[in-house]
Amino acid sequence: MSATSGPSTPEHHRLDATTSRAADWKHWGPYLSERAWGTVREDYSPGGTAWEYFPHDHARSRAYRWNEDGLLGICDRHQILCFAPVLWNGQDPILKERFFGVTGNQGNHGEDVKEEYFYLDNTPTHSYMKALYKYPQAAYPYDALVRETARRGRKDPEFELLDAGAFAENRYFDVFVEYAKAGEEDVLVRITAHNRGPEKAALHLLPTLWYRNTWSWGRDDTPRPCLNAAGSNHIVTDHAKQGRYVLYCDGEPQLLFCENETNFARLFGGQNASLCAKDGINDFVVHGHDDAVHPERLGTKAAAHYRFEIEAGKSAEVRLRLTREDFKRPFAQFEQLFDERKREADAFYAGFQPAALDSDEKDVQRQAFAGLLWTKQWYFYDVRDWLDGDPSQPPPPPGRKSGRNREWPHFDANSVLSMPDKWEYPWFAAWDTAFHCIPLALVDPAFAKRQLLLLLRDWYMHPNGQIPAYEWAFGDVNPPVHAWACWRVYKIEQKMTGRVDTDFLKRVFHKLLLNFTWWVNRKDADGKNVFQGGFLGMDNIGVFDRSQPLPTGGHLEQSDSTAWMGMYCLNLMAIALELARTDPAYEDVATKFYEHFMYIALAMHNMGEAGIELWSEKEGFFYDVLHLPDQKGGDAFVKLRVRSMVGLTPLFAVETIDPELLERLPRFRRRMDWFLRERPEMAKLVSRWQVEGSGHRHLLSLLRGHRMKCLLKRALDPAEFLSDYGVRSLSKFHEREPYIFDVNGTEYRVDYEPGESASGIFGGNSNWRGPIWMPVNYLLIESLQRFHHYYGDEFKVECPTGSGQYLTLWEIATELSRRLTALFLKGPGGERPAHRRRDLHQRDPHWRDHVLFYEYFHGDSGAGLGASHQTGWTALVAKLLQQCGEYRAGARPRATAETLMLSNKDLAEKK
């Protein structure tokens, strides 16, 4: 069956051909990282000080071991050959080869890129891509950014490039970088620089082609590759395995060559392996060192040097073509091909974007997809080689074998992965990846499935079943959302294309069983179905650092960890039931996860039959419980009464079962009936199984109606969790009532912090004490929709709390979705709340339609915070907009009550 049975466009055909391996339109893509310096992979220091071992100042002069970086560049899927634009304004102390930012230790809120750039368009096969970099005409303020950032504390906002005056009087260039594919290995490049300033300004454009250094480490016997000048305006590549490419450069640029090798003389006072090191082109252009480049015009790094004087309001353009073919007229039909690929991109998105979305909503959704597709990155990390060191390099320090990731020697990644943010987080994170795959499934389900499968493969997953978290600590624990993502991607593909890929479900299911077993064996300390897990992605949300030994001793019984495991059971049950439609053997496995879910529900109600609940009936909320060994031989339990997203996670563990499915699976039905009959004390805790709901469905949930209403009363209260822009991670209640816990005279406290946190817990760059986070909000919306599938339109809850307005659960999910999407959309005054702290982004015509997708958002104002290009999980807004447009068009009636659209301020005034 075709991968797509929906719209048929040239981009769909390219996707189909690539998925079936009839062609490889994805061989070239935006797989070049935007930061390789300061990463774990490049760190060979004694103490694991990655930021200091390989700083930005080394990047232009020092060969990378594991992967390359560049500014809005591309590479092949194995990163043998790389291409990226390089800029110089005649003022900067160095060429602009890569984005600059402060390190995790320099930043007052952790690492932070200090640049202005935007991902504007992209297609799944990267047949057309467009991005924008805003390059100041004055000298880039490297030192000023570091100094002012160091002066600021955790209670101060981050000092950005805009704050430094780099764009005063519009003295900057808008540099648009576009790629269009004429064929699988034929890439056209167009770089257009617009002078937005009031006067003529100089600009040097240096499109650069280079080989990743694979020859300096003693592990690759491939002959050293070479780039050569062929005539005055094109560069020919020569690689023993990859073969030959030609980079055609329009016009008559000066071709410059050096080696992608470390400048030992500059960095360490040593002797260079070659005369023209990695920074040779930089030294030639910026400092006029003629001997820094090869006079023979050959090497492993090359640039085409264009010089422009651009009048105010005018532009300059550079055209290039990277191809395997020989052309006499490489730029014939150049503009026509770009126009064609752009029209095809428009047709691809028009094929599934709901017509009911307005133009701004469509633009935001398309930019979210663009960012999601631009943040693919080739990720290379062989932990065994990294621990051992390379034959031709000095041996790593002795402590390395007892340091970071030592327990993961099997890990060996060499693939294109979806990154959270290619500058701030240029490495995969397991639970981020799960959320990335939801919007990815709308545009490229095959890639989404591959991402999920990769993390379960033998060279990623630990032999004990643990899924690697992220490169700073593979052994950390992320929430177990992988099964949920697999199930959702399967269902999204089925809806979008009609394909029922049960082979995918089977492949992931058997590996997920291993991971589930790991959780049960490793994170249930007492074997009583109440789970731990540490920080679980919500870094500083607790009163203690949940990933470290507690200052009180003992351990935490975590509401979120236990609820996540309840959700995990239901996800695996849903997958098993789907597979049981065609293979009855899966009915028994589905039964196993149903029963395990029931035992988890009982444990949350009565831990270890000790009468201790994670639930507080008085406060209508779930809390973590501190489990302390009692000196007299018994145990003590203390509820940590922090009202946070931890207490809302039990809402996520919900599933409905249609009667048609039960009729098809009689063994599963009989076992369920027996269990509920023989275990009535558990059945009454979790569901109204015996009472059919809307459409004769049955409900499985950790919450019966009463507890769900209690949680929603707080979640939908503007004085607690409900912001104008989504649900906060911590209740605003703690603004006036901070939670304080005393341990032997030391005070531990949780305050409501709607923006960047002043807390030093979990490294000091942890912000779960008030901001709005897209992934958990998305899960909450999906959960409410599933509850509505059972309860129907008769079940209503006050929303917002205190408004007197009662809405169905579907209407509440719709309202939360509206609030979240409003972060990025123009309001009545034309402003986007996510850009609230950036005046230029709101009013200037060259800025206001370019959207940034932040890591998280201020709990009161909605201003974007953290990583500014996190079109990893924040691209979930694309899925919300898709659903919004579909339901607006008539799939479901929209809520029309007046107060549905009230802001918290409006509600307060009305009351």
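1. The axes of helix H21 (residues 774–791) and helix H22 (residues 809–821) come within 8 Å and cross at roughly 160 degrees. That makes H21 roughly antiparallel to H22, a label for angles over 145 degrees. Axes here are lines fitted to C-alpha atoms, for helices over the stretch in contact, with angles from 0 to 180 degrees between N-to-C directions. The crossing of H21 past H22 is left-handed, that is, the near helix is turned anticlockwise from the far one by less than a right angle.

2. A word on provenance: this is a predicted model, in which local features need pLDDT of at least 70 and side-chain atom pairs count only at pLDDT 80 or more, while totals for chains, interfaces and linings use all residues. Residues are numbered from 1 along each chain as its sequence is written, and side-chain values use heavy atoms, with hydrogens and water left out. Helices (H or I, at least four residues) and strands (E, at least two) are DSSP runs, numbered from the N terminus.

3. Which residues make the contact between H21 and H22? On the H21 side they include Met 774, Leu 780, Leu 784 and Phe 787; on the H22 side, Trp 810, Ile 812 and Leu 816 are among them. Contact means heavy atoms within 4.5 Å. The residues of this contact divide into twelve nonpolar, five polar and no charged; Ala, Val, Leu, Ile, Met, Phe, Trp, Tyr, Cys and Pro count as nonpolar, Asp, Glu, Lys and Arg as charged, and the others, Gly among them, as polar.

4. H21 is mostly covered, with 17 of its 18 residues buried (under 20% relative accessible area, with a 1.4 Å probe and protein chains only). Its end C-alpha atoms are 26 Å apart, which agrees with the 26 Å that 18 residues should span at 1.5 Å a residue; the expected span is 1.5 Å times one less than the number of residues. Just after H21, Gly 792 has a positive phi of about 75 degrees.

5. Helix H10 (residues 430–443) packs with H12 at an angle of about 5 degrees, their axes 9 Å apart. That makes H10 roughly parallel to H12, the term for angles under 35 degrees. Phe 435 and Ile 438 are among the H10 residues that meet H12, where Trp 484 and Arg 488 are among the partners.

6. Eight of the ten residues of H11 are buried, so H11 is largely enclosed by the rest of the structure. Lys 449 and Gln 451 are among those buried. The cover includes strand E20 (376–382), strand E21 (412–418), H10, H12 and H13.

7. H13 (residues 502–522) has 21 residues and reaches 30 Å from its first C-alpha to its last, close to the 30 Å expected. Its buried residues include Lys 511, Asn 515, Trp 518 and Trp 519. They pack against H11 (445–454), H12 (482–497), H14 (559–580) and H15 (586–605).

8. Finally, the backbone details. The peptide bond from Cys 799 to Pro 800 is cis, with omega near -10 degrees, and Pro 800 sits in the loop between strands E33 (796–798) and E34 (806–808). Arg 21 has a positive phi near 65 degrees and is exposed (over 50% relative accessible area), at 76%. Asn 744 has a positive phi near 50 degrees, in the loop between strands E31 (739–743) and E32 (746–750).

Technical notes
Parallel < 35°, antiparallel > 145°, perpendicular 65-115°, else oblique.
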